[in-house]
Amino acid sequence: MSHPKGGQVEGSSKWSANGCSLLGTEHGYPMSERLELDGVGLHVLHNALANIAAEMALVMMKTSYSTIFNEGLDFSTVLLSRTGELIAEKNYTPSMMGAIPNTVRWTLEEFGEEFFEPGDVVVHNDPYRGNCHIPEHMMMKPIFHDGRLVAFAGAIGHIAEVGGKAPGSFAADATDVYQEGLRLPPVKLIERGEHNQQLWRVIMANHRTPRNTWGDFHAMIGALNVGEQRFSALVDRYGDDVVVEGARLLIDHSERRLRSDIAELPDGAYAASMLVEDDGVSRDPFEVRLTIVVRGDEVIADFTGSSPQVAGPMNCTYVVALSAIYNAVFCVTDPEMLIPRNSGCYRPVRVIAPAGSVVNVRHPGPSVGGNTDLQPKLVDLALAALAQAVPDRVAASSGGSSSNLLFGGVHPETGLYYSNYHFDGMGAGGSARADGNDGEVTRHSNCRNTPIEIFEHRYPLRTLEYALVPDSGGAGAHRGGQSTTRTLLVTAPAITFSALFDRCRIAPAGLLGGLPGLGSELLVRRAGSAEFVGFDEAFGVASGTKFTNVVLHEGDELRYRTPGGGGFGDPEDRDPALIERDIRETRVSREAALRDYGALATGGERS
Amino acid sequence: VTGAWVERPRVWSDTNVEHCPVCGCLIPRRAWRFVGETPLEVCTPACEELYETYYKPTHGALVDDHH
């Protein structure tokens, strides 16, 4: 077997190759040019691939324009096989797990491998073709070696402004996808290394902040280029047959390990259901039903019986439901992330999400909030179902809302149009092991908040208050995490706001005797007014927490509170020392402690 | 599994999508066709197995409105 660079195979293994090192000598380390695909070699390969994905992520973070990328980290970078199987990731955002392999796989199926040429970059944000929602853009770049397609580099991220009826492209009252922004089926943004200028012009003309789009798209493209270069160096060094076969073995390894973990769960059918308070268009709640079947070494998650898709944007796409189930299954099987995350982890998990239901929206139904605000609740629902099987491995409901706040306008200092998609931390649910985390962005997104300094530097809003909310975590043996509150002062003549908050009227549930967390709230105080009131009262919008394009003026203040986490276990079982600590640290007021923990809060005896 | 792949040709200007009647996921171009009580076209061979071992025993036989 000859090596692509002309060297000869010297190792004893079928999958050994003697390649030309691009990495070894430049750093002065005596690095091997041969890779045996045994346990050690696979570990080396896994780390090499994972580091490529991590370097791609750094490129995105350091070169992007929008705070949602460089501060929020609302993106993931990946390497995939030539058939679209995930082989390595830097997954900042678990909500994208379902979309990442399927966007590539389904593009391959739709157009065939011959669609991809060297130097291409394909972009795709179609929620009906495997993406999470309209803002999420997946970019994929084929990696060729000696003229043969060997892999893909991928970058997926939330573009902060993609057009549609609301600045920030998050219309809480949208009734179809066309109000949500510019929809791109898989199309070539770069073709054989050259910008597809006609497509770029369409995109730039339809996004409100094209400069940000330009910067963020190029950050993604830069990440893909780095991924391509590093992966090519790896196959130059070890041989493409070794790397490709090694990646296949890693995927099989992960599948075996996850199946082994699933096999330890008790077989059975575990059902749970929940109501979601509204869809942004009507005030009617809708229902999600889920049965998780553990069958030997596989899991089937069946959403049959869930409500038909709703008019507003709380529907989610198929891959969002998929991500939520992966998330919950990984939480109960491999919370320490010891198994290499690749497509092998997805194989033992099947999801049934009827098309045309709230968990699998059909065209042209809207879905922007399904990703941010239904998905975390689907994770909670799956954990509530699995609590029947493994109560010691689950958590109560998280706040379950990304508390999406969108705003835009002309900046008074620059005269330039700006737009921002903002989210904030909420309370995580208490678990069998510990209290829930405070101020944590939803468990499906894993994003960071934006520092006040960055926020105020970029946008004409002053932060008057940013704090954890006392008494927001549900009481329990392990208390729910605290939510956050912010008060923002408008310092521009006008700013257009939209919001999609949830868990306002249906609070985050406790689990196994734990009490619910405190729901969310969104208020406004007009300049000169003494009181904060709901947006519905102030502006006559149908929902005070899901609305689009409300204009606030200089001196107005906006205040929100995100939802707190649900408590886990009976409050009677909480350690009195922890109750005292909570009171001392003002996490829990004395009044709430007396109400929820009774005698325990006063040092009394457990009844 | 008993089925076979069938193509669902479409013109390049058609951007509509179709869903698997069993699991709900996308069928981009080709479908896996097998004959249960009636012919069904699903996303993959694995979905035929899912239908026979889980879906039908749990929810009853499915009639694919694609036909």
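This is a predicted model: local features need pLDDT of at least 70, side-chain atom pairs count only at pLDDT 80 or more; totals for chains, interfaces and linings use all residues.
Reader: Ok, take Trp200(A) and Phe217(A). What sort of pair is that?
Author: Edge-to-face, because the planes are at 70° and anything over 60 degrees gets that label. The ring centres are 5.8 Å apart.

Reader: And where do those two sit in the chain?
Author: Trp200(A) is in helix α4 (residues 197–206) and Phe217(A) in helix α5 (residues 210–238), both of chain A. The pair links distant parts of the chain, 17 residues apart.

Reader: Are Trp200(A) and Phe217(A) buried or exposed?
Author: Both Trp200(A) and Phe217(A) are buried.

Reader: Switching to Phe330(A) and Tyr346(A): why does that pair count as stacked?
Author: Their planes are at 20°, and under 30 degrees counts as stacked. The centres lie 6.3 Å apart. Phe330(A) belongs to helix α7 (residues 318–333) of chain A, while Tyr346(A) is in the loop between α7 and β11 (349–352), so the pair ties together parts 16 residues apart in sequence.

Reader: What's the relative accessibility of Phe330(A)? And the relative accessible area of Tyr346(A)?
Author: Phe330(A) comes in at 5%, so it counts as buried. Tyr346(A) is buried too, at 7%.

Reader: New topic: which residues form one aromatic cluster?
Author: Phe407(A), Tyr418(A), Phe455(A), Tyr459(A) and Phe497(A).

Reader: Where does the charged end of Arg486(A) sit?
Author: Over the ring of Phe455(A), 5.5 Å from its centre. The charged end of Arg486(A) also sits over the ring of Tyr466(A), 3.8 Å from that ring's centre.

How values were computed: Residues are numbered from 1 along each chain as its sequence is written. Chains are lettered from A and ligands numbered from 1 in the order in which they are written. Side-chain values use heavy atoms; hydrogens and water are left out. Rings of Phe, Tyr and Trp (its six-membered ring) pair if their centres lie within 6.5 Å; planes under 30 degrees apart count as stacked, over 60 as edge-to-face and the rest as tilted. Helices (H or I, at least four residues) and strands (E, at least two) are DSSP runs, numbered from the N terminus. Buried means under 20% relative accessible area, exposed over 50%, partly exposed in between (1.4 Å probe, protein chains only). A charge sits over a ring if NZ of Lys or CZ of Arg is within 6 Å of the ring centre and within 35 degrees of the ring normal.
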